[in-house]
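Subject: Handing over the structure

Hi there,

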Amino acid sequence: MAVARGAKAPAKSAAKVAIPQIAWNEVRPASVVLVSGTESFLADRAIRRLRDLLKAEDPSLEVTDIDAASYAPGELMTLASPSLFDEPRLIRVSSVEKCTDAFIEETLAYLAYPADDTYLVLRHGGGVRGKKLLEGVRAAAGVAVEVVCAELKRDTDKYEFASAEFRAAGKRVTPGALRALVSAFTDDLAELSAACNQLISDTTEEVTEVTVERYYAGRVETNAFAVADSALAGHYGESLALLRHALASGADPVPMVAAFAMKLRTMAKVLGARGGSAQLAGQLGMAPWQIDRARRDLAGWDGKGLGRCIQVLAETDESIKGAGRDPVFALERMISIISARGTL
């Protein structure tokens, strides 16, 4: 089986597999789509890509979500039943690795008689729970496909991933730039993707190592996102030291503020939102991993403090782009207020 460049080849399984096993960027419609593996970022992308493919085929696509951990008997059959207008349906199931016994039994029964014009997506993040169901899906030849989203552990895999991001956008990038990006964001695939896409949107010419140095100098640990993460967690001294090290290494204040903006705005969207990340993703226009990350970042925050910090962020952005005399002072002031969660 051929695997597209930039994607990690599916791992071989000791158990017998009768269905196609494909990479995240090869996802295609099937009655049942099992999205397996520990790399949540790639899994979320695969599920979004499948939704977009189905929407392009028929804009009337009805999308519903099920949490397998709190599954109610009969829920799947109810959602898969023919509707009045016969529109196609996409049923996304999260937390299959925590599923109830009822979900296992009813989904196994569903495999034998899948509904017409219905696409059932099962997201299993790993572990032994649901093994009987996984074996049943993997034996369902002609009914199911498996999208394998294994963690990208090797730098070569991350290099290929980053290269594919630029290639998909039609943007030229040098090998040195790719190596620098992978070095700066080796611990978080989501942030590596965000960094690639920021460079894609901000630059008009070929992305080189000089471009990456301008945006993300002071890597590996000292990059814009590391400074933002430290400040949002309330670690003022650490975030200030990281900021100064990054600036001393040649980091540009503009992408530094952009990293804070990305995180604060995501936090503002998620603040007060109720429901699981999979259910909220469509409502908020975000990926589930972004919602989970924002909820972790929101620990210890309240709406008033968040609003104050967003205001300070806007002031800082204006200052470093020419309205102020000292961009470094503006950044340090912003970090002190954000580290105090807007109480200063």
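Below is what was found in it, topic by topic.

This is a predicted model, in which local features need pLDDT of at least 70 and side-chain atom pairs count only at pLDDT 80 or more, while totals for chains, interfaces and linings use all residues. Residues are numbered from 1 along each chain as its sequence is written, and side-chain values use heavy atoms, with hydrogens and water left out.

**Aromatic pairs**

Let's begin with the rings. Rings of Phe, Tyr and Trp (its six-membered ring) pair if their centres lie within 6.5 Å; planes under 30 degrees apart count as stacked, over 60 as edge-to-face and the rest as tilted. By this rule there are four aromatic pairs. One of them joins Trp24 and Phe161: the ring centres are 6.4 Å apart and the planes stand at 50°, so this pair is tilted. It bridges distant parts of the chain, with Trp24 in the loop between strand S1 (21-22) and strand S2 (32-36) and Phe161 in helix H5 (residues 155-168), 137 residues apart. (Helices, H or I with at least four residues, and strands, E with at least two, are DSSP runs numbered from the N terminus.) Trp24 and Phe161 are both buried, where buried means under 20% relative accessible area, exposed over 50%, and partly exposed in between (1.4 Å probe, protein chains only). Ring pairs also link Trp24, Phe41 and Phe161 into a cluster.

Tyr71 and Phe103 make another pair, with centres 5.1 Å apart and planes at 75°, so it is edge-to-face. Here Tyr71 sits in the loop between strand S3 (62-67) and helix H2 (75-80), and Phe103 in helix H3 (residues 101-112), 32 residues apart. Tyr71 is buried, at a relative accessible area of 5%, and Phe103 is buried too, at 0%.

**Salt bridges**

Side chains of opposite charge can pair when their charged atoms come close. The term salt bridge is used for a side-chain nitrogen of Lys or Arg within 4 Å of a carboxyl oxygen of Asp or Glu. How many salt bridges does a search of the whole structure find? The search gives 18.

- Asp52 and Arg51 meet at 3.1 Å, N to O. Asp52 is partly exposed at 43% relative accessibility, and Arg51 is partly exposed at 24%.
- Glu206 and Arg172 meet at 3.4 Å, N to O. Glu206 lies in the loop between helix H7 (189-202) and helix H8 (209-216), and Arg172 in the loop between H5 and helix H6 (175-184), so the bridge ties together parts that are 34 residues apart in sequence. Glu206 is partly exposed, with a relative accessible area of 33%, whereas Arg172 is exposed, with 60%.
- Arg293 and Asp229 have their closest N and O atoms 2.9 Å apart. With Arg293 in helix H13 (residues 288-297) and Asp229 in helix H9 (residues 224-232), the pair ties together parts that are 64 residues apart in sequence. Arg293 is buried at 18% relative accessible area, and Asp229 is partly exposed at 21%.

Arg293 and Asp229 also belong to a network of salt bridges with Asp188, Glu191, Lys263 and Asp297.

H9, which holds Asp229, packs with helix H11 (residues 253-270) at an angle of about 50°, the axes being 8 Å apart. Axes are lines fitted to C-alpha atoms, for helices over the stretch in contact, and angles run from 0 to 180 degrees between N-to-C directions. Contact means heavy atoms within 4.5 Å. On the H9 side the contact residues include Phe225, Asp229 and Leu232, and on the H11 side they include Met256, Phe260 and Lys263.

In H13, Pro288, Ile291, Arg293, Ala294 and Asp297 are buried. These buried residues pack against helix H1 (40-57), H7, H9, H11 and helix H12 (277-284).

**Backbone**

Most residues other than glycine have a negative phi, and most peptide bonds are trans. Ser95, in the loop between strand S4 (89-94) and H3, has a positive phi near 55°. Asp117 also has a positive phi, near 55°; it is placed in the loop between H3 and strand S5 (118-124) and is partly exposed, with a relative accessible area of 48%.
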